[in-house]
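Please look over the protein below. Some questions about its fold and packing come after it.

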Amino acid sequence: METTSRVGADGAPDTGTAEGVPAARLTVDGYLKAPFPWYGLDEAFTGPRWLMQVGTAADGTVQHGSTGHGDEPSVRSDAGEDRQRFAVVVTVASSPVRRSGDGTGVLDATTVSSAAWLAGSGLLAYTWPAQMDHTLRDDWLDQQTETAFELADDLDGPEWSALSLPVDGVPVAFHYRESEFGWVLAGSAHGGVHIGAYGRGMSAYGLGFSAVGDITSYA
């Protein structure tokens with residue numbers, strides 16, 4: 001697992017602006033800076049596609065990001081969350097052990113566990129019980145986030161099963177688990193990246209992943 005303070009879960013796209021530049025443009029510009037390919041669901045998925053956020057290192061290097069498919073998830077109690085159908089694909093750059101951006105420390109390599117952690121925490125961001133008292137949500141989220149971290153660090157444990165899905169048309173073995181909140185999976189692609197994914201209302205079985213030819217098509 002990478003030790004850069006557990007990179008936070010990707011959030012939904014912001015609709016605000018900065019210095020007159022539309023937020024959608026700012027978002028896609030972040031994706032365009034990545035030195036690795038982005039992944040999403042393959043052409044078999046014909047529904048809506050949208051961008052979330054990228055995660056960067058201290059030096060501004062893009063390390064990971066997510067592409068969304070289906071309904072944009074929400075935790076609002078009036079959003080009909082049980083009827084939401086979405087799948088989010090997380091792309092994580094495969095990196096060896098390396099110096100931190102400021103040269104003062106060492107960052108662990110990114111692994112499949114990194115993708116599993118980002119996917120697991122991403123799912124939690126949209127699945128806390130809507131009826132829960134606001135004063136209890138922080139405690140609940142902290143507890144569930146710690147559980148997600150521990151599960152991601154033990155991909156050979158009993159909570160995970162094996163699932164083979166195509167990546168760029170080639171079968172790839174993924175680690176897969178289900179919970180009351182949805183499903184999470186993680187594996188490695190062929191282009192120097194790890195893939196994580198999470199969703200609800202859409203079955204993970206039968207999904208396929210492919211490199212995104214034009215990331216601006218998601219904006």
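The questions go from the whole chain to single residues.

This is a predicted model, in which local features need pLDDT of at least 70 and side-chain atom pairs count only at pLDDT 80 or more, while totals for chains, interfaces and linings use all residues. Residues are numbered from 1 along each chain as its sequence is written, and side-chain values use heavy atoms, with hydrogens and water left out.

Q: How many helices and strands does the protein chain have?
A: Helices (H or I, at least four residues) and strands (E, at least two) are DSSP runs, numbered from the N terminus. On that basis the protein chain comes to three helices and 13 strands.

Q: What share of the residues of the protein chain is buried?
A: Buried means under 20% relative accessible area, exposed over 50%, partly exposed in between (1.4 Å probe, protein chains only). The protein chain has 219 residues. The buried share is 49%.

Q: Is helix H2 enclosed or open, and how many of its residues are buried?
A: H2 covers residues 112–124. It is largely enclosed by the rest of the structure, because its buried residues number 13 of 13.

Q: Which residue's side-chain oxygen reaches a backbone nitrogen at the start of H2?
A: The backbone nitrogen belongs to serine 113. The oxygen comes to within 3.1 Å of it. That oxygen is on threonine 111.

Q: Which side chain makes a polar contact with the side chain of histidine 69?
A: Histidine 69 sits in strand S5 (residues 62–70) and is buried, at a relative accessible area of 0%. A polar contact is a pair of N or O atoms within 3.5 Å; within protein, one must be able to donate a hydrogen and the other to accept it, and residues adjacent in sequence count only if both atoms are side-chain atoms. A polar atom of the histidine 69 side chain lies 3.1 Å from the backbone nitrogen of leucine 41. The side-chain partner, at 3.0 Å, is tyrosine 218.

Q: Which glycine takes a positive phi in the hairpin of S4 and S5?
A: Two strands pair if DSSP finds at least two bridges between them. Strand S4 (residues 49–56) and S5 have six, in the antiparallel sense. Five residues lie between the strands, and the one with a positive phi near 90° is glycine 60.

Q: Which residue in S12 stands opposite valine 184?
A: Strand S11 (residues 182–188) has six of its seven residues buried. Five bridges join S11 to antiparallel strand S10 (residues 170–179), where arginine 177 is the bridge partner of valine 184. S11 also pairs antiparallel with strand S12 (residues 193–200) over six bridges. There, valine 184 faces tyrosine 198.

How values were computed:
The expected span of a helix is 1.5 Å times one less than its number of residues.
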